[in-house]
Amino acid sequence: GTCCVLKRDLNLPFDLTTPMSLKRFTDCWSVPTSPSCLPLFNKQLGRPVKVIKRLLDELTSDMPIWSGYLLERREYIHWRFGSLPTSPSEERLDGLVFESGLINKERSKPLRTKPIAMFMTTLFIIIDFFDYLLRGVGQVVFCSNPISGILILLALGIQHPFLLVGAFVGALSNTLTAHLLSVPFNLIRAGLFGYNGTLCGAALTVFLSHSPLLSGPGAEYFSYFKILLAITWVSATSTVIHVALSGFVSPYNLPALTMPFNLATILWLFGSISYNYFYVVFPPGQIPTNAPINQIFAPSLDLVFGGPIRGIGQVFLCDNVWSGLIILVAIALCSRISALMALSGSITGMVFGYAVGVASDDIRLGLYGYNGVLAAMAIGGFFYVLTPRVFCFALMCAGFSTSILGCIKTMFSIWNLPTCTMGFCLAGFTFLLCKSLLPFLIPIPLPELTTAEGHLNWYSKKLHHQRKLAEMKAHQGITHNAPDPTL
């Protein structure tokens, strides 16, 4: 009872007559496979599809400013729904044609709902834009999920409303700059050109303050406006740095991580020393001092249970426990393995801080946990398939990133600058370069990155296929090749 869409009538870029391609089509749009459901499907889905396709074609020819963007949208609709009208002046559109014969080729009525269709298309573009904008917010913690992005923004708003505004403006500037630079749309849609801007906005919101040179009525609001302008500029420059750095590390199959955010933010804060309208606030816990012995070993319930949660929140510069919990829930909504690794990395950083004699207040605020959070998530399941040995390797990376933090804090304290996530980047690059010599590491190609669960499921199926193939060769008496060193 399975129906097959005729490729010659819909002009799809792939053949729907094979089981896998038909499953791909039905998974995306829930196309009914029972012949009795076909008339209902044609009435409910066919007409909106035709309206959207027709309007996108008209807007592409009538609005040259948006032509490049809408052409990409048309290609997306083309993949989803089939062929587009051949001419903008075409009065009628062909209906959907199915091989089952229950629906014949029909001609639709002339399209006379252009204002409504224009509203629908504009709404579609706006929703699609906010979808990958929120994915960019979630990509800070390796979550390409718009719901996770919403929860993270909610957590920032609980910390401080202006922190939410700064992060959102940074993500918006980062994404729009990527569009203006014609970055491949698949990278923008995955949120890869939004997370650096989110971090730039959050960091500048915290580290830049009201300049003492500004006084008088409205001076505070003028300072907020200046900070938002700085966020817009720094986030835009982080896009250029991201493109340049990606070209530099791509031969090694490495991601840029959050290094564009570090370079753009630290360079701006370093320049703020000579900018009269910007005043850098030194964050608490950044000044390297020898703490008294009674402040080093001062355990408490707030430190033991609140420290790891605050370490997760400090990725977005939040020291509120509730903000950290919401961010942890946002991560778990996308990947439970990543949430577990985030909590493990924060605990590892806290334990390392105790081992080297860091003041308990710094540990309680999570300042020695956020680098470990990102390092453990990156190595433990996202860029490598999670195995018991990879889990230990990820915790080692979390500890190494925390140890780098102390060195960077000592160097940056000379210029009164924060360390941002430099510890995570240096440790992450180091541990990602180990994949060529360590056989127990199973790297995931960058275009295939999804979630830790997806990577683990892919590797399990690969092992199952290899075992079946080995059993089949053994049964047939064929000498099999040497075993895979990654098994």
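This is a predicted model: local features need pLDDT of at least 70, side-chain atom pairs count only at pLDDT 80 or more; totals for chains, interfaces and linings use all residues.
Residues are numbered from 1 along each chain as its sequence is written. Local features need pLDDT of at least 70, side-chain atom pairs count only at pLDDT 80 or more, and totals for chains, interfaces and linings use all residues; side-chain values use heavy atoms, with hydrogens and water left out.

A nonpolar surface patch is formed by Ile116, Phe119, Met120, Leu123 and Ile127. Together these residues have about 490 Å² of accessible area (Shrake-Rupley method, 1.4 Å probe, with only the protein chains shown as cover for residues). Patch members have over 30% relative accessible area and no salt bridge; nonpolar side chains are joined within 5 Å, like charges within 9 Å. A salt bridge places a side-chain nitrogen of Lys or Arg within 4 Å of a carboxyl oxygen of Asp or Glu. Phe119 belongs to helix α5, residues 114-138. Helices are DSSP runs of H or I with at least four residues, and strands are runs of E with at least two. Phe119 counts as exposed because its relative accessibility is 56% (exposed is over 50%, buried under 20%, partly exposed in between; 1.4 Å probe, protein chains only).

Two non-glycine residues in loops have positive phi values. Phe142 has a phi of about 60°. Phe142 lies between α5 and α6 (146-159) and is buried, at 10% relative accessibility. Asn253 has a phi near 55°. The loop between α10 (219-249) and α11 holds Asn253, which is partly exposed at 33%.

Ser272 sits in the loop between α11 (259-271) and β2 (279-280). Ser272 is buried, with 3% relative accessible area. The Ser272 side chain reaches the backbone oxygen of Trp268 at 2.9 Å.

How values were computed
A polar contact is a pair of N or O atoms within 3.5 Å; within protein, one must be able to donate a hydrogen and the other to accept it, and residues adjacent in sequence count only if both atoms are side-chain atoms.
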